[in-house]
Amino acid sequence: MNILGINAYHGNASAAIVCDGRLIAAVEEERFNRVKYAAGFPARAIRYCLKEAGLTLADIDHVAVPRNPYARLATKLFYALRMPSFARERARVLVKFTGIPEALARAFDTDPEKIGATFHRIEHHQAHLASSFFVSPFEHAALLSADGLGDFASTMWGVGEGPRMRIEGAVAFPHSLGLFYSAVTQYLGFLKYGDEYKVMGLAAYGQPEQLHAFREILRFEASTHSDGFRLGLDYFTHHRTGPEMSWAEGDKTPTLGKMFSDEMAKRLGRLRTPEEPLEQRHRDLAASLQARLEEVYLGMLRKLAKRTGCKAVCLAGGVAFNCVANGKIFDATPFEQVYVHPAAGDAGLAVGAAFHVWHQLLGKPRSFVMDHAYWGPGYTREEIRRAIDANGIAQSGYSITEMPEGENGKELPQRTARMIADGKITGWFQGRAEWGPRALGNRSIVADPRRPEMKDILNRRVKHREIFRPFAPSILAEATAEYFVKSHPSPFMTLAYGVRPEKRGSIPAPTHVDGTGRLQTVTHEANPRYHALISAFRDLTGVPVVLNTSFNDNEPIVCRPEEAIDCFLRTQMDALVLGDFLIVKS
Ligand SMILES: [Fe+2]
């Protein structure tokens, strides 16, 4: 049985395909149309998923769409009556959603009548919860989804047991942890969709001097019996104007309207415009925001643990990308095991909706664990060779070596490790592309973590991003406890742990200013070639870590070999390992 999941007309448009309960492919539309966080209809992502599965649209039995316009209808109507512009926007979105079968038919040049699949509408947060629990290794777990807003809710929690989830509660519009973080992110002068993670990085440079103010802006009742949290609505505007999000078009990055009111400036001081320099006051505000988010998020998780008695928790929703908060779960709550879906944001809804249909609606038993994130497009040696030839890079002063070994060869990892140890910034393009926003060793730029200057060099030459943002370490899973204060696996770079004080000097480049690292733990089983690379680096240097940043320069992560070559040439990387091909400046 074949189930196609589609996240359409929403940020991070994506598609996924599940065949007989196993994920075959999943990818974001942005990787194809090269528009970051692209919304719209993910026609190319769907086409890729079908191709990877060797199927046509006629073979699809069910289509799962992570949106249910009828969820929380009474609340929606209440706000629609108060906000006519919001009602118009909702109506427009509803028309788009009810037109998904037609959009699918158009994309495949067929008649909607000829699509035999059954269409299902899965509520946004139920799809988030399903995306994490149904692909986790846990038979029994507590579940939490938290984001900005989806189907008029911002948070949902429950319990997963085998092939079933039981929803226990939700927080509805206008209260939202995600919108809280987004509003203050805007206030601090970071206006782009998805800028929250920059503020999370900035927080490490400040002190939570304004925590008391943020306790008014986001209110929380710690008692086990009260549900959720509340925003101090005087500080926000979205409950009066409707959340202004423009993301219907696929060729544009979504944008957000202003979410904070003048009261916020009265309480926190003058807002920062994007052009203004960052001052210590801004860093302290970021630290206070992060501290308050952690108090409430971890408080909710504590309550969830007490109510359910579970030792494991599954997380999804955009807030679950807060790796700093996630890293504190083990000390701050009774949970001992954590699973975060690698595409915890709205891209992951495509996977979640498909698995929701398979388990929750069809009652099928569990048979799949997502223990790696390589569900996107891969390219053959011949395709890579053609991309190299077409570019003419060999004629432009680069030497190209083709390695013969294939997957298990030692020479390619050893030569690459030597270049990294020599300080060379190396593009590392292997296998199938990562699902989710983190590069995890298949579309990565790797560098020497031992060199304190490497962060500045990378920023200056390749990444061109804010200097305060940290780079991440990829570590051999078996060495985690030696370098970090926690050793619970973090295969998808969704947890940040303290680097052991005695090891901070060994890996200064990916150690953040507060002594933490947003680590990726790498196993041989999940990624043999990346594991071999880091092992070779360890054999050379004694350090089982490489610095890993995404293979891009202010654009979606590269997907095809052509894009990798372009990015390599455009930036000032020293070397590019493209499958079995080693390309260096000669
Ligand atoms: Fe969401």
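This is a predicted model: local features need pLDDT of at least 70, side-chain atom pairs count only at pLDDT 80 or more; totals for chains, interfaces and linings use all residues.

Trainee: Where does Glu-28 lie, and which residues does Glu-28 touch?

Mentor: Glu-28 lies in strand S3, residues 22–28. Helices (H or I, at least four residues) and strands (E, at least two) are DSSP runs, numbered from the N terminus. Contact means heavy atoms within 4.5 Å. Leaving out residues up to four places away in sequence, Glu-28 touches Ala-13, Ser-14, Ala-45, Ala-347, Glu-434, Trp-435, Gly-436 and Pro-437.

Trainee: What makes the protein chain as compact as a globular protein of its length?

Mentor: The secondary structure of the protein chain comes to 21 helices and 23 strands. The radius of gyration of the protein chain is 23 Å, close to the 25 Å that the globule rule gives for 586 residues, so the chain is as compact as a globular protein of that length. That radius is taken over C-alpha atoms, and the globule rule is 2.2 Å times the number of residues to the power 0.38. Along its principal axes, the C-alpha trace spans about 65 × 60 × 45 Å. Of the 586 residues, 62% count as buried.

Trainee: Which residues touch the most other members of the largest nonpolar core?

Mentor: A nonpolar core is a set of buried Ala, Val, Leu, Ile, Met, Phe, Trp, Tyr and Cys residues joined through side-chain atoms within 4.5 Å. The largest nonpolar core has 87 residues, and Leu-177, Phe-180, Met-264, Tyr-297, Leu-301, Leu-315 and Phe-335 touch the most other members. Helix H12 (residues 280–308) supplies the largest share of this core, 11 residues. Apart from this core lies another, of 41 residues, among them Ala-127, Phe-134, Ala-312 and Trp-375. In soluble globular proteins, nonpolar side chains tend to be buried together.

Trainee: Which residues form a nonpolar patch on the surface?

Mentor: Met-1, Leu-361 and Leu-362 form such a patch, with about 230 Å² of accessible area together. Patches are made of residues with over 30% relative accessible area and no salt bridge; like charges are joined within 9 Å, and nonpolar side chains (Val, Leu, Ile, Met, Phe, Trp, Tyr) within 5 Å. A salt bridge is a side-chain nitrogen of Lys or Arg within 4 Å of a carboxyl oxygen of Asp or Glu. Accessible areas come from the Shrake-Rupley method with a 1.4 Å probe; for residues, only the protein chains shown count as cover. Leu-361, placed in helix H15 (residues 349–361), has 44% relative accessibility and therefore counts as partly exposed.

Trainee: Why is Asn-554 called exposed, and why does Asp-151 count as buried?

Mentor: Asn-554 is exposed because its relative accessible area is 56%. Asp-151 counts as buried because its relative accessibility is 3%. Asn-554 has a positive phi of about 55 degrees although it is not a glycine, and Asp-151 has a positive phi of about 50 degrees although it is not a glycine. Asn-554 is in the loop between strand S21 (545–550) and helix H21 (561–570), whereas Asp-151 is in the loop between strand S6 (140–150) and strand S7 (153–161).

Trainee: What is the peptide bond from Phe-173 to Pro-174?

Mentor: That bond is cis, with omega near 10 degrees. Pro-174 lies in the loop between strand S8 (164–172) and helix H7 (177–187). Most residues other than glycine have a negative phi, and most peptide bonds are trans.

Trainee: Why is Phe-97 called buried?

Mentor: The relative accessible area of Phe-97 is 9%, so Phe-97 is buried. Phe-97 is placed in helix H4, residues 84–98. Not counting residues up to four places away in sequence, Phe-97 touches Ala-8, Tyr-9, Val-65 and Arg-67.

Note on methods:
Residues are numbered from 1 along each chain as its sequence is written. Side-chain values use heavy atoms; hydrogens and water are left out. Buried means under 20% relative accessible area, exposed over 50%, partly exposed in between (1.4 Å probe, protein chains only).
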